[in-house]
Amino acid sequence: MAWSVWLLLALAATPAAGGGIAWKSGFGEAPLWNDGNAEVSVYEARDIKYEIPRASRAILIVVAEDLLPDKLVKADDPARAAKTVRVLKLNHVRSIPTGVYVYQQMMSAFLTVGRLDPVKLSVASLEWCGNTFAEWRSDRAALSFRSYFETPADADVPLAARGAVFYDSLPLKLRGLDFERTREGRLRIIESVFSSHPRPPSVEEARLFLSRTSDSSRLYRVTVERNEKRDVFDFETGFPHRLVRWERSDGGSLRLTGSRRLRYWEKNAPGDERLLSSSATR
């Protein structure tokens with residue numbers, strides 16, 4: 001695909017900054033994201049599986065990458081590629097024990113570095129019954145499912161962002177808010193596909209409210225309400241506004257226990273797992 005065509009698609013997916021919500025441009029262009037490291041944050045997690053709360057650990061990774069615009073995959077050698085598009089990638093990794101087996105799940109959201117607009121989103125989920133894969137791409141305006149299960153089985157459904165925000169990308173997308181100028185406003189949210197049984201998602205109208213927490217840490221608090229669902233996010237006031245807490249509308253939650261910047265892909269020697277301990281990531 002020609003670069004100009006890809007750019008038009010990306011612009012078509014750019015959320016309007018109206019309705020009282022202000023976004024800071026260039027969040028992902030800050031020098032921090034170009035230091036060769038990834039932000040690796042460890043969370044104490046709660047997920048609801050089979051109507052029972054499950055305690056686990058979740059990892060959220062944010063790292064800058066260069067994608068090939070005609071394939072929307074990471075360039076092996078960006079310096080030699082004719083064209084690339086710079087993105088911030090959010091990886092959300094879950095490992096949830098449920099009796100004798102474990103849900104292993106991962107979501108990747110790729111957002112433009114300037115306004116954190118959606119470029120690509122993929123989800124992989126597996127447990128002892130089978131595995132599922134879902135992928136949305138801006139260049140196809142479609143969401144594809146490949147699953148062991150009858151629902152959703154193999155399906156391709158049209159889905160254009162048209163200014164909407166993916167729910168699964170909110171832990172990164174909301175960090176691009178202009179926290180000082182925003183108080184409340186409206187936005188459209190594409191429902192989560194982060195599941196072992198994803199469905200074609202609805203697009204819902206939502207209201208966003210921004211305030212400060214009342215505790216001594218004085219975090220930014222972002223509340224997102226859509227119909228009967230309510231999510232509460234707490235972010236650090238200083239750049240890069242790391243996610244500290246997330247109370248999800250599905251009953252799950254994340255609470256930050258530590259975070260650090262490192263080249264995690266090089267930390268594969270025996271003993272390197274200690275780098276993710278709470279004391280090492282504070």
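Strands, like helices, are taken here as DSSP runs numbered from the N terminus, with helices (H or I) having at least four residues and strands (E) at least two. A residue is called buried under 20% relative accessible area, exposed over 50% and partly exposed in between, with a 1.4 Å probe and protein chains only. The structure is a predicted model, in which local features need pLDDT of at least 70 and side-chain atom pairs count only at pLDDT 80 or more, whereas totals for chains, interfaces and linings use all residues. Residues are numbered from 1 along each chain as its sequence is written, and side-chain values use heavy atoms, with hydrogens and water left out.

By these criteria, strand E13, which spans residues 220-226, is mostly covered, since 5 of its 7 residues are buried. Two strands are said to pair if DSSP finds at least two bridges between them. On one count, E13 is joined to strand E12 (residues 203-212) by 6 bridges, with the two strands running antiparallel, and within this pairing Arg 207 stands opposite Glu 225 of E13. E13 also pairs with strand E14 (residues 229-235), again in the antiparallel sense, over 7 bridges. E13 and E14 form a hairpin with 2 residues between them, and Asn 227 in the turn has a positive phi of about 55°.

The interior is described through nonpolar cores, each a set of buried Ala, Val, Leu, Ile, Met, Phe, Trp, Tyr and Cys residues joined through side-chain atoms within 4.5 Å. The largest nonpolar core has 53 residues, and those with the most contacts inside it are Leu 88, Leu 174, Leu 177, Val 222 and Phe 233. Strand E2 (residues 52-68) supplies the largest share of this core, namely 4 residues. Apart from this core lies another of 7 residues, among them Val 42, Ile 59, Ile 61 and Leu 262. With contact meaning heavy atoms within 4.5 Å, and with residues up to four places away in sequence not counted, Leu 174 touches Trp 23, Phe 179, Leu 208, Val 222, Val 224, Phe 233 and Phe 235.

Aromatic rings were examined as well, where rings of Phe, Tyr and Trp (its six-membered ring) pair if their centres lie within 6.5 Å, planes under 30 degrees apart counting as stacked, over 60 as edge-to-face and the rest as tilted. A search of the whole structure finds 13 aromatic pairs. One of these, between Trp 136 and Phe 166, is tilted, at 4.8 Å centre to centre and with 55° between the planes. Trp 136 lies in strand E7 and Phe 166 in strand E10 (residues 165-166), so this pair ties together parts that are 30 residues apart in sequence. Trp 136 is buried at a relative accessible area of 1%, and Phe 166 is buried at 5%. Tyr 264 and Trp 265, by contrast, form an edge-to-face pair, 4.9 Å centre to centre with 80° between the planes; Tyr 264 is partly exposed at 29% relative accessibility, and Trp 265 is partly exposed at 38%.

Side chains of opposite charge can pair when their charged atoms come close. With a salt bridge defined as a side-chain nitrogen of Lys or Arg within 4 Å of a carboxyl oxygen of Asp or Glu, the structure holds 29 salt bridges. Among them, Glu 135 and Lys 120 meet at 3.7 Å, N to O, and this pair links distant parts of the chain, with Glu 135 in strand E7 (residues 130-137) and Lys 120 in strand E6 (residues 118-127), 15 residues apart. Both Glu 135 and Lys 120 are buried. Lys 74 and Glu 65 also form a salt bridge, at 4.0 Å, N to O, in which Lys 74 is exposed at 52% relative accessible area whereas Glu 65 is buried at 9%. Arg 46, Arg 221, Asp 234, Arg 245 and Glu 247 are linked in a network of salt bridges.
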